[in-house]
Amino acid sequence: MTPTPDAASSRAPRDPSPSSAHAGEPRAATHAPSRICHINLAPGFRGGERQTQLLVAELAARGWPQRLVARKGRALARRCAGLPGLEIAEVPPNPLSAALAARGCALVHAHEARAVYSGWLLRRANVMPFVMTRRLHHAENRSRARAWAYRSADCVIAISAWVARTVEARHPGVACRVVPDAQAGLLNGAGAARRVLPDLEGRTIVGHLGELDHSHKGQGTIIQAARALEASRPELVFVLAGEGRDAGRFRAQAAGLRNVRFAGFVENVEDYLAAFDLFVYPSLHEGLGSALLDAMAFGLPIVASRVGGIPEIVEDGVNGLLVTPERPDELASALVRLLDDPALCASMSRANRARAADFTAARMTDAYEAIYRSLLDSRATP
């Protein structure tokens with residue numbers, strides 16, 4: 001298998017840039033909007049932080065004044081620096097510091113668990129409306145403070161219907177709005193095909209992107225499937241891009257395998273997606289899986305777990321194959337099915353490119369912008 005030509009056509013900056021939902025130039029706000037405050041105190045830069053960056057960048061292109069409250073010295077603040085109309089406040093990772101840094105804005109949007117408490121504090125003080133996005137679907141520890149925070153939010157947003165159902169079940173009386181994540185627009189930044197993996201020319205590359213954490217992303221299953229396929233499918237090579245707490249464990253597990261490669265943490269995600277032929281995502285739980293959306297944009301046939309919100313974007317047999325988590329035999333069989341059916345792979349590639357067009361940053365921002373305007377307008381009405 002080889003990458004499709006348009007997956008490796010031109011180079012652009014790596015970080016996602018604003019785009020229009022309907023092509024053409026980014027839309028400007030229709031009137032002078034109020035300042036939106038985004039709070040994200042995550043220590044690293046994972047899917048939720050990339051989605052925060054995509055939203056902030058698109059809103060900036062539309063003329064919204066914004067403030068980003070982020071953990072001091074971490075990647076999110078650095079990646080958003082220089083966006084027009086954006087103030088950045090770097091704070092210690094505690095809700096009170098973040099709440100104080102949000103003062104003077106018209107609306108606060110909490111993007112992760114710590115930030116929810118900041119929004120709650122501001123809402124209790126009747127300072128500003130409070131919007132929160134919930135990304136994970138697994139059950140949280142019961143907390144009276146968290147329950148109060150969820151009930152106090154003016155709008156609770158879930159990234160998938162699955163996440164919405166889990167939130168509503170855990171917090172009776174809370175009704176979620178569903179706003180899916182966006183693909184990061186990486187296709188235009190893809191470099192020359194296989195530029196990052198030149199020694200694998202002629203091999204079929206099964207790729208994975210994600211933090212190396214089996215309890216979430218299930219990469220141990222990839223290594224088991226690789227071991228099962230090493231002798232019978234020598235053309236296959238599995239490339240895992242990412243770092244995480246299980247990196248050492250996985251490298252030990254893969255010792256002696258000639259068909260597994262660890263790329264480590266990579267900034268140029270787009271170049272790896274351009275080099276991959278297939279994409280595997282055997283998560284144990286997943287709110288939606290924004291990496292899948294990026295793989296779709298590159299037209300990659302997908303094998304993913306039938307968990308959480310994944311079946312909302314991966315339709316079994318149409319744009320991917322769904323398997324049971326922690327079943328390396330199912331994962332290996334699904335890969336063999338794709339390898340032996342080029343017509344199915346081509347059909348899935350076309351389906352994924354079409355589906356990715358429904359998950360742009362502009363469309364995601366349209367939904368958030370409508371929520372912001374509704375809350376700000378209702379607050380302004382006597």
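Analyst: Contact means heavy atoms within 4.5 Å. Helices (H or I, at least four residues) and strands (E, at least two) are DSSP runs, numbered from the N terminus. This is a predicted model, in which local features need pLDDT of at least 70, side-chain atom pairs count only at pLDDT 80 or more, and totals for chains, interfaces and linings use all residues. Residues are numbered from 1 along each chain as its sequence is written, and side-chain values use heavy atoms, without hydrogens or water.

User: What covers the buried residues of H13?

Analyst: The cover includes S11, helix H11 (290-297), strand S12 (302-305), S13 and helix H12 (328-339).

User: Which residues of H13 are buried, and what puts them on the same side?

Analyst: Buried means under 20% relative accessible area, exposed over 50%, partly exposed in between (1.4 Å probe, protein chains only). Leu344, Cys345, Met348, Ser349, Asn352 and Ala356 are the buried residues of H13. They span an arc of only 140° around the axis, so they sit on the same side of H13. The arc is taken from the directions from the helix axis to the C-beta atoms. On the face turned away, H13 carries the exposed residues Ala343 and Arg350.

User: How do you know what span to expect for H13?

Analyst: The expected span is 1.5 Å times one less than the number of residues. H13 (342-356) has 15 residues, for which 21 Å is expected. Its first and last C-alpha atoms are 21 Å apart, close to that value.

User: Why are S8 and S9 called paired?

Analyst: Two strands pair if DSSP finds at least two bridges between them. Strand S8 (204-209) and strand S9 (236-241) share 6 bridges and run parallel, so they qualify. Val206 has Phe238 in S9 as its bridge partner.

User: What makes S10 and S13 edge strands?

Analyst: The open sheet has 6 strands in the order S10-S9-S8-S11-S12-S13, with parallel pairing. S10 (260-264) and S13 (320-323) each have a single partner strand, so one side of each lacks a neighbour in the sheet. Neighbouring strands are turned by 20° on average, direction ignored. Helix H8 (219-229) lies across S8, S9, S10 and strand S11 (278-281), at about 165° to S9. Axes are lines fitted to C-alpha atoms, for helices over the stretch in contact, and angles run from 0 to 180 degrees between N-to-C directions.

User: What describes the packing of H4 on H5?

Analyst: The axes of H4 and helix H5 (144-152) come within 9 Å and cross at roughly 65°. Val116, Tyr117, Trp120 and Arg123 in H4 meet Ala145, Arg146, Trp148, Ala149 and Ser152 in H5.
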